[in-house]
Amino acid sequence: MAKKANRPTSPAVPAAPSRRFSFWFLVPVLLVIGLVAAVLAVGWQREDDALREADATAPEMVLVPGGTFWMGRENGPADESPVHEVTVGPFQMDATEVTVGQFAAFVKATGYVTVAERPFDERKYPNAPLEFRKPGSAVFVPMDVPVHGPWDTPTPPWWRYVPGANWRRPEGPQSSVKGKKNYPAVQIAWEDAGAYAQWAGKRLPTEAEWEWAARGGLDRKPYCWGDAKPGEGGKWYANAYQGKFPAEDTGADGFIGLAPVKSFPPNGYGLYDMSGNAWEWCSDWYDPKYYAVSPKDNPKGPESGPPVEGEFQPQKVRRGGSFLCDDSYCHRYVPSARDKNPTDSSANHTGFRCVK
Ligand SMILES: [Ca+2]
């Protein structure tokens, strides 16, 4: 009160210039506040886009009968041999890869934060290069390079670490899963897949269960559907890569990049996309020499992940190949093919499905 009464009677205070200064000072402040609010609003909108795809419908599962089969492949990569007899018990398996809609329902219900969305953890990765110190994930970038060399490396140049890439924005901050509830959820790390499975009352398949299921009742056939080569007679059986890898995917099979689940015919057990579309995590640790010592009945992989040559961490198995599998470079959309990655790694071609 006293101050209010005194102000008009104080001629020494240059009131007008002071007010003008305050106003001009406020303009950039207001602009910055407006900009930050706009960025946050766009961010919020995108977050919401992903959760808006949530689909609470129970995922369709099919019964895979138990049985005995020949696991592995003759004359394939070394880790697929020796071909050996394996018996697995019956189980139910998700008919499709876990979709964006299903994964969004899980996140909506639990508030789960995927590995790719978490802040950088200095204690866990003390020696990480600067570019890996922001939340993000691996994104495929097409490029014109000779495919056969020298690319025998765990970090081919067409994979980039993109800050802001995660299951909501699989190709980076500018991308979105809006309208893609029936696409496979990707940018899923092994531990994310495990968290979803636990929430859903399911689990990840063992590598043996996965291969038995992928073969769909066929015996030692090269593909999940039998012998026909993809595209033979104009027929396509899986979402893979055609054209000059990694420069240009012609999409001859109908899709460049991911396809909605169930875009191709199911295998003999009624399972879709066991070949191509997105890689699928298994529960087993990866050991390239495991087939030589694998038990015959319900093998579950080695007790722990042995060191893998050229890799920094133990690896978990993933199976099935993806939309990036191309006959000239990665012929791994076949039921016997094995691949691996660390439990905390994700990419825009890696998803999962569950069993129980
Ligand atoms: Ca394709």
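I began with Pro-246 and found it in the loop between β7 (243–244) and β8 (248–249). I then checked the bond before it in this predicted model. Phe-245 and Pro-246 are joined by a cis peptide bond, with omega about -5°.

I looked up another cis peptide bond, the one that joins Ser-81 and Pro-82; its omega is about 0°. I placed Pro-82 in the loop between β2 (67–71) and β3 (84–88). I noted as background that most peptide bonds are trans.

I next turned to the loop between β2 and β3 for Asn-75. Phi of Asn-75 is near 60°, a positive value in a residue other than glycine.

I looked up Arg-220, which has a positive phi of about 50° although it is not a glycine. I located Arg-220 in the loop between α5 (207–215) and β7. Arg-220 has 14 C-beta neighbours inside 10 Å and so counts as partly exposed. I noted that most residues other than glycine have a negative phi.

I listed the buried residues of α3 as Val-100, Gly-101, Gln-102, Phe-103, Ala-104, Ala-105, Phe-106 and Val-107. I saw that Gly-111 follows α3, and that the phi of Gly-111 is positive, near 75°.

Technical notes. Residues numbered from 1 in each chain as written. Predicted model: local features only at pLDDT ≥ 70, side-chain atom pairs only at ≥ 80, totals over all residues. Buried ≥ 20, exposed ≤ 12 C-beta atoms within 10 Å, placed from the backbone. Helix = DSSP H or I, 4+ residues; strand = E, 2+ residues; numbered from the N terminus.
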